Amino acid sequence: MRLRYGVTCLLALWGSHVMADTQTAITQGLAKLKFDVPVSAISETPVDGLYQVQLETGRVLYATADGKYFMQGTLIEVNDGQPRNLTSVAEASGIAQVLDRVDASDMVVFAPEEPKTHITVFTDVDCGYCRKLHSEVEQLNNLGIEVRYMAFPRGGMQSPAAQVMQSVWCADNRQQAMTSAKQGKTVEEKTCANPVAQEYELGKQLGVQGTPAIFLANGVMIPGYQPAQQLATIALANKE
């Protein structure tokens, strides 16, 4: 028994040492590429010699153990003819953690009294489908869905929409200002320290290309508008 225990400990130590060397090699490889996105974790994949590099943005890269080869793409596992997108699962988990770290005070939140789950929506006040989605926020709330808005001015930070969104975030009543903006009404121009630029950059890092970009509580992204009842059904099925 002592011999078996000793061998087990040695194997564990050896495995830990190998993983540490792998992490160092991959980190050094990224540094040589001048890759400036922080890494949150490096772990094994089901493929021998291929490692998953989880970025702090929630996105995923893959690398060889020596840190000489990197790639972006989709890793699909097939078991009994049933494909499973391992990349999507890993990225969704990471993105959920990233969004959970955003303080509610940096969002415009429409919440029911007893929320069952939430969605995070990167939005633009001039986007037609964003306005359509906003017209159904009350219905979503009634179905138990909390709506958390983050800013994503599609034309960039120099666009008129970006200026309006900064006024929304600086308004005394953000919810009312957001509704006015989504209805095409004039929003009182205001300035303050606001997170619009940071949220725009975060959206780009998370892969947002258009609006509305809807993230479920588990980090899965729905690109584009969904009718309230359909969206609520999907959100409730993906609470975790």
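1. A nonpolar core, as the term is used here, is a set of buried Ala, Val, Leu, Ile, Met, Phe, Trp, Tyr and Cys residues joined through side-chain atoms within 4.5 Å. Please keep in mind that this is a predicted model. The largest such core has 30 residues, and those that touch the most other members are Ile 119, Leu 140, Val 147, Tyr 149, Val 168, Trp 169 and Met 178. Several elements each supply at least two residues of this core: the strands β7 (108–110), β8, β9 (145–151) and β10, together with α4 (137–142), α5, α6 and α8 (228–237). Another core, of 15 residues, lies apart from it, and its members include Met 150, Phe 152, Tyr 200 and Leu 206. As background, nonpolar side chains in soluble globular proteins tend to be buried together.

2. Next, the empty space inside. Rolling a probe the size of a water molecule over the atoms shows where such space is left. How many cavities of 30 Å³ or more does a search of the whole structure find? The search finds one, and the volume of this largest cavity is about 40 Å³. Its lining is made up of Ala 96, Leu 99, Asp 100, His 118, Thr 120, Phe 215, Leu 216 and Ala 217. At least two lining residues come from each of α2 (86–100), β8 (117–123) and β10 (213–216), with α2 giving the largest share, three residues. Sorted by class, five lining residues are nonpolar, two are polar and one is charged.

3. Now to the cysteines. A disulfide is a covalent bond between the sulfur atoms of two cysteines. The count here comes to one disulfide, which joins Cys 170 to Cys 192 with an S to S distance of 2.0 Å. Cys 170 lies in helix α5 (residues 160–170), while Cys 192 sits in the loop between α6 (174–182) and α7 (196–205), so the pair ties together parts that are 22 residues apart in sequence. The torsion about the S-S bond of Cys 170 and Cys 192 is about -90 degrees, and the disulfide is therefore left-handed.

4. Are these and other cysteines buried or exposed? Cys 170 counts as buried because its relative accessibility is 11%, under the 20% cut-off.

5. Strands of a sheet pair through backbone hydrogen bonds, either parallel or antiparallel. Four strands, in the order β1-β2-β3-β4, form an open sheet with antiparallel pairing. The edges are held by β1 (39–44) and β4 (70–71); each has a single partner strand, so one side of each is left without a neighbour in the sheet. Five bridges link β1 with β2 (residues 50–55) in the antiparallel sense, and Val 39 has Leu 55 in β2 as its bridge partner.

6. Finally, two backbone details to look at. Most residues other than glycine have a negative phi, and most peptide bonds are trans. Thr 211 and Pro 212 are joined by a cis peptide bond, with omega at about -5 degrees; Pro 212 is placed in the loop between α7 and β10. Lys 34 is not a glycine, yet has a positive phi of about 60 degrees. You will find Lys 34 in the loop between α1 (2–32) and β1. Lys 34 counts as exposed because its relative accessibility is 74%, over the 50% cut-off.

Key:
Residues are numbered from 1 along each chain as its sequence is written. This is a predicted model: local features need pLDDT of at least 70, side-chain atom pairs count only at pLDDT 80 or more; totals for chains, interfaces and linings use all residues. Side-chain values use heavy atoms; hydrogens and water are left out. On a 1 Å grid over the protein atoms alone, a cavity is a set of points where a 1.4 Å probe fits but cannot get out, and a pocket is an open set with protein on both sides within 12 Å along at least five of seven lines; lining residues have an atom within 4 Å of a point. Grid points are joined across faces, edges and corners, and a volume is the space filled by probe spheres set on the points. Ala, Val, Leu, Ile, Met, Phe, Trp, Tyr, Cys and Pro count as nonpolar, Asp, Glu, Lys and Arg as charged, and the others, Gly among them, as polar. A disulfide is a pair of cysteine sulfur atoms within 2.5 Å. Buried means under 20% relative accessible area, exposed over 50%, partly exposed in between (1.4 Å probe, protein chains only). Two strands pair if DSSP finds at least two bridges between them.
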